[in-house]
Amino acid sequence: MTDSKYFTTNKKGEIFELRGELNSDKKDRKREAVKKVIASMTVGKDVSALFPDVINCMQTDNLELKKLVYLYLMNYAKSQPDMAIMAVNTFVKDCEDSNPLIRALAVRTMGCIRVDKITEYLCEPLQKCLKDEDPYVRKTAAVCVAKLYDINAQLVEDRGFLDMLRDLLSDSNPMVVANAVAAISEILETSPTPLNMLEVNSQIINKLLTALNECTEWGQVFILDAISNYTPKDDREAQSITERITPRLAHANSAVVLSSIKVIMKLMEMMDPSSDYISMLVKKLSPPLITLLSAEPEIQYVALRNINLIVQKRSDILKHEMKVFFVKYNDPIYVKLEKLDIMIRLTNQANIAQVLAELKEYATEVDVDFVRKSVRAIGRCAIKVEQAAERCVSTLLDLIQTKVNYVVQEAIVVIKDIFRKYPNKYESIIATLCENLDTLDEPEARASMIWIIGEYAERIDNADELLESFLDGFQDENAQVQLQLLTAIVKLFLKRPTDTQELVQQVLSLATQDSDNPDLRDRGYIYWRLLSTDPAAAKEVVLAEKPLISEETDLIEPTLLDELICHISSLASVYHKPPNSFVEGRGGVPVRKVLPPRTGSTTPEDAVQTEAAPQLPQATVIPGADSLIGDLLDMDLGPPTQAYGQHPPPMAQSAPVDLLGEGLDSLLGGISMPTGGNDMGVAGAPSSVAGLGDIFGFNPVNSYVPAQEIWLSAAAGKGLEIHGNFARRNGSLHMDLTFHNKAMSTMTNFAIQFNKNSFGLLPSSPLQVPMPLLPNQSVNASLPLSTTGPVQRMEPLNLLQVAVKNNIDIAYFSCNIAAHVLLTEDGEMERKRFLETWKEIPSVNEKQYEITDVQHNAETVVQKLKNNNIATIAKRNVEGQDMLYQSLKFSNQVQVLAELKIQPGNSTFTLSLKSKAPDVYPMVYESYQTILHHA
Amino acid sequence: MSASAVYILDVKGKVMICRNYRGNIDMSIIDNFMPLVMDKEEEGVSAPIIQYGNITFIYIKCNNLYLVATTKKNANVALVFQFLHRCVQVFSEYFKELEEESIRDNFVIIYELLDEVMDFGFPQTTDSKILQEYITQEGHKLEVAPRPPMAVTNAVSWRSEGIKYRKNEVFLDIIESVNLLVSGSGSVLRSEIVGAVKMRVYLSGMPELRLGLNDKVLFESTGRGKSKSVELEDVKFNQCVRLSRFENDRTISFIPPDGEFELMSYRLNTHVKPLIWVESVIERHAHSRIEFMIKAKSQFKRRSTANNVEIVVTVPTDADCPKFKTTAGSCRYAPDQNAMIWTIKSFPGGKEYLMRAHFGLPSVVNEDLEGKAPIHVRFEIPYFTVSGIQVRYLKIIEKSGYQALPWVRYITQNGDYQLRTG
């Protein structure tokens, strides 16, 4: 007997008939009827009208029937919330059944009925099931907490389910632990606010690592994914976790392997890159990655997309394994294309011959997309490996001889790139290219060919004829071709002005008068005006030397790459996009995952420098408080707010690259835009410690703290000498003071007060000086500061006037606030906003500074600045110079954009600043000086 | 973190089974699936993951069926794919073939299984042997209803207690598949051995097994570096094997599942001589005929023999009038595969055979471009492993103290064995 017969009834009055059968006295008929109902439901018929009748069958002693009714309930309860209540009693009863299978079934199903009214009734049975004696029930109940949280988060928090869930992490049964971990990860991901109670600490990690050895393969994945969200406190802990995870690389389940690789890749970041352990790990990671290529094609695809990221992050991994990526004839097309991409990434001088032979083979296959990509890959090889360029070009010429239309077009597109990389080297082939002019019908190929003709117009005798031939159908061409044709003819004219005047006039009039395309018109007018006013200038502009194109194409931007590494094995790693670009926004702050910074157990940078006090101006005692009236900073940015602990609002998703104006585009050169991101601080930003995603812990990096300097001399302070400095710790500002009693009598009753100042600094708690200060003794005090006080502009801006009172007298002094401690953690601007802001600020506001004698390379600079809340948003390399684009924000919300130019071998850096409030520039400059010279 | 819903669709994209796990995506979203698959195929960008708004379809195809999972989150895709493939495995073990008919015939039990293998998008128990203990085709009365087997939540989740056999036996098959890729000019581009240790275990109780191989790493660490040993490049184990134990001292120790399963697989890159070497000369005389001369050479020891050797050579789609001449075996034309298949039942080592084929070609030239498909070879060589791997011992310890017999077989066969034509 088979079930297929249930699908066949399709008579008139079917619902009516079913209702009759459902209410039948005979159990068999009843069961058959429910099966028919489920069959109808499966094929998409609406059988919700039978709700009460089906519910009536719920109280049954037949397990199969019960399961079917439950299935029905899950589907239709939402559309019949009032009647769904009828089912509650049976659920509650089933939750107390003697058979654990029934108890689990009931609690599992109840969680799937997403009706608010029912959730109330669910709480009590769920509480019992979480403490059930049978692990099968407990593991089901653990998941049910996540279900309930999804429906009514408040209820779960109020009823203490989170605590119970956390307790399950210590359950004796590994399956229960695994499901509890899965539920917790889920809840943390959806919760709009941080849930500190679920925070995973090193103790829990230990338990999870123990359970890892005993739970099912799926449970291992849940646990590994949870561990990947945890950041160990130092490299030693990172290494010990890694040691316990590496055996998982031998698991037969690919998901276990990939999740292990994710954790290991993340933890490797924290270790000393030159250590033997790292090189051992690198060796260990290659074989399992290769084995994934023997898995099912879909898994191969996921693996290949991830390998693409992994080899960009760590080029050591798989560097000798080019051959495993050779394409097989029967690979699915999506696997072929990904393999090709990775082959190019691994290409180097040593293996180029093999790669080229393969690519040539692929170019003769039948699949058009694959062939095209193979041809393009040959071009990429030429650009990447200079020694092979000649061979690549001749391979491309061979392919052009095949006359296969799409091969020829693709070849011409890549040859244009080769010309740009190696100017004046291969023009001899231009004649061959020109032979194929007529067959080109794709815009990109036509535009490329036209570019080549224009660029080498002086060497192509009939360049004018060739270009003229394109001009006839100018109106019908694609905009890309039109623009290119316009430029090419202008180039031709500048090179051979005598016989091409007519041609250039023709194209200019076509572009400016007959076109609706504003880009084309604008470009036409610019050329026109240039040519008519100053042909020499036109030459300089149009025939200017072009920057060489870079070797590596399609590289993922480093910050995005780091983020994607944290998402290995997930959709983000397949899409190569950050999760917030495709997962819909939820109530909470989307927290970006970042790789942990390297934190050795003793990192010298972190240690506070004590010797050699920096040359900062000596503090002076001020005459009186009355003469200090300035005006508020002239900034239209609203009142300063307390920045700490506050999350910046979630940013709108940024627009794709092509929205950029051309001018802006050139500002940042070829840097590709991130497709998402937010302006949360990156690693080390304490404001994100409270963030949800970092619930598994985070190591805040403290900013540089200068040595204490003398603020109040004993003479001025009637025996009280004060040394002090400013520090930023865990996102809040502190004034650290050392009091020396150089008088003969004991001092008590210390108090401190600030004058109004530019940044609204105010002690946020009273000064705590622990004991009466005996003569010749000294004591340290740390005063937490807030920035919500009254604001008054000071000159210089960072001047702070302080009054300290004790039982003897009141002493006044002034000091300079170290500029960099005023920078807040949320200073990182989203890239798109950075560009917009940069454009908005008038160029008169731009100012340049020079920072001399810096002994660090760009990487170290980025890290140092980052530790001190200067975020690097983009980095690019222009003709050997590193350009860093950075943003920072003062506690009064004043934002400053910066461009830092670093030339290799030159210890003088150029700093350009842009802000709406140029007054702060000296402070920014001071910050950079301090950080780069001392931190 | 995982799937919102799972669907099984027929070849036309009609829903046969659907199970909503999270209720956060409208189930009718699946109506967009097939059109999307078609579009992507047309654009030549087909991939097993399709983004549709903020929803992602993750799917596999199996015997003309689609298994589709939907998600709205940044799901662990490797997990989802592995899970879908595991579902296919579980269903196949329940109903032999997974196809349209068997799904319709068993839809009630499929729903029961879907309820058990995943909860709220998290995969749970997917071991079909354990599932069969409490989800069966027969209806149950509640009083005698099955209880969840201990194994579902045990540390040993793959074996139930109380198994009994009159005769305790273990069969071990070591199967090595050779993957080979040879370029048109006759140079070996890639050669790789993928080995599998498959077991059939008929043992009572909860036996502890320990398998000893001539593993190079183990031999070197125990000072037997000179004995003949094999360097395994990457090893993957069934979930029953204690991974940390292997990591520590390379011991393969485990409590096996009952019946048939794959204990481990391994991979090694070695440059062995291709076992069966094929050379081809193809002469194409446009508009009239095409001639093939295929030479096959066995490059293994004379005392071994390859069985059921099949050499598959692609011929043009418009070829006709096949004529074959062989020095051994027989050859037939398989128009459905656009290929000819040369079969040699028994191919001893150190031999060389020849085959000539002649096809007619129409005078009108075929417009469609045809790819140069490589030559595929299938074969099986018993009592032989290319890598030289050997089972040194299989220790079986059970507290009742019975004696059990292990039987070991070795086979080498073709894997992905391709030789490109020049």
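Start at B:Glu380. Its bridge partner in strand 23 of chain B is B:Gln413. Keep in mind that this is a predicted model. The two strands here are strand 21 and strand 23 of chain B, the latter covering residues 405-419. They pair in the antiparallel sense, over five bridges.

Now look from B:Glu380 to strand 16. B:Glu380 in strand 21 of chain B is also the bridge partner of B:Asn307. Strand 16 of chain B spans residues 305-314, and strand 21 spans residues 375-382. Four bridges join them, and they run antiparallel.

Next, the whole sheet. How many strands form it, and in what order? Nine, in chain B, ordered 11-13-9-8-23-21-16-19-18. The sheet is open, and the pairing is mixed. Which strands stand at the edges? Strand 11, residues 234-237, and strand 18, residues 330-334. Each has a single partner strand, so one side of each is left without a neighbour in the sheet. On average, neighbouring strands are turned by 15° against each other, direction ignored.

Move along to strands 9 and 13 of chain B. Strand 9 is residues 188-202, and strand 13 is residues 259-268. Nine bridges join this antiparallel pair. For one position, take B:Val197: opposite it, in strand 13 of chain B, stands B:Met264.

Chain A comes in here. Helix 17 of chain A, residues 276-291, packs on the sheet. It touches strand 11 and strand 13 of chain B. The helix direction makes about 65° with that of strand 11 of chain B.

Staying with chain A, here is a helix pair. Helix 23, residues 405-421, packs with helix 25, residues 443-455. Their axes are 8 Å apart, at an angle of about 40°. That angle makes helix 23 of chain A oblique to helix 25 of chain A. Is their crossing left-handed or right-handed? Left-handed.

Who makes the contact? From helix 23 of chain A, A:Gln409, A:Ile412, A:Val413, A:Lys416 and A:Phe419. From helix 25 of chain A, the residues include A:Ala445, A:Met449, A:Trp451 and A:Ile452. By class, this contact has seven nonpolar, two polar and three charged residues.

Last, the layout of chain A. It is divided into domain 1 (3-230), domain 2 (461-549), domain 3 (709-817) and domain 4 (831-934). The C-alpha centres of domain 1 and domain 3 of chain A lie 61 Å apart.

Key. Residues are numbered from 1 along each chain as its sequence is written. Chains are lettered from A and ligands numbered from 1 in the order in which they are written. This is a predicted model: local features need pLDDT of at least 70, side-chain atom pairs count only at pLDDT 80 or more; totals for chains, interfaces and linings use all residues. Axes are lines fitted to C-alpha atoms, for helices over the stretch in contact, and angles run from 0 to 180 degrees between N-to-C directions. Angles under 35 degrees count as roughly parallel, over 145 as roughly antiparallel, 65 to 115 as roughly perpendicular and the rest as oblique. A crossing is left-handed if the near helix is turned anticlockwise from the far one by less than a right angle, and right-handed if clockwise. Two residues are in contact if their C-beta atoms, placed from the backbone, lie within 7 Å. Ala, Val, Leu, Ile, Met, Phe, Trp, Tyr, Cys and Pro count as nonpolar, Asp, Glu, Lys and Arg as charged, and the others, Gly among them, as polar. Two strands pair if DSSP finds at least two bridges between them. Domain bounds come from an automatic or database domain assignment.
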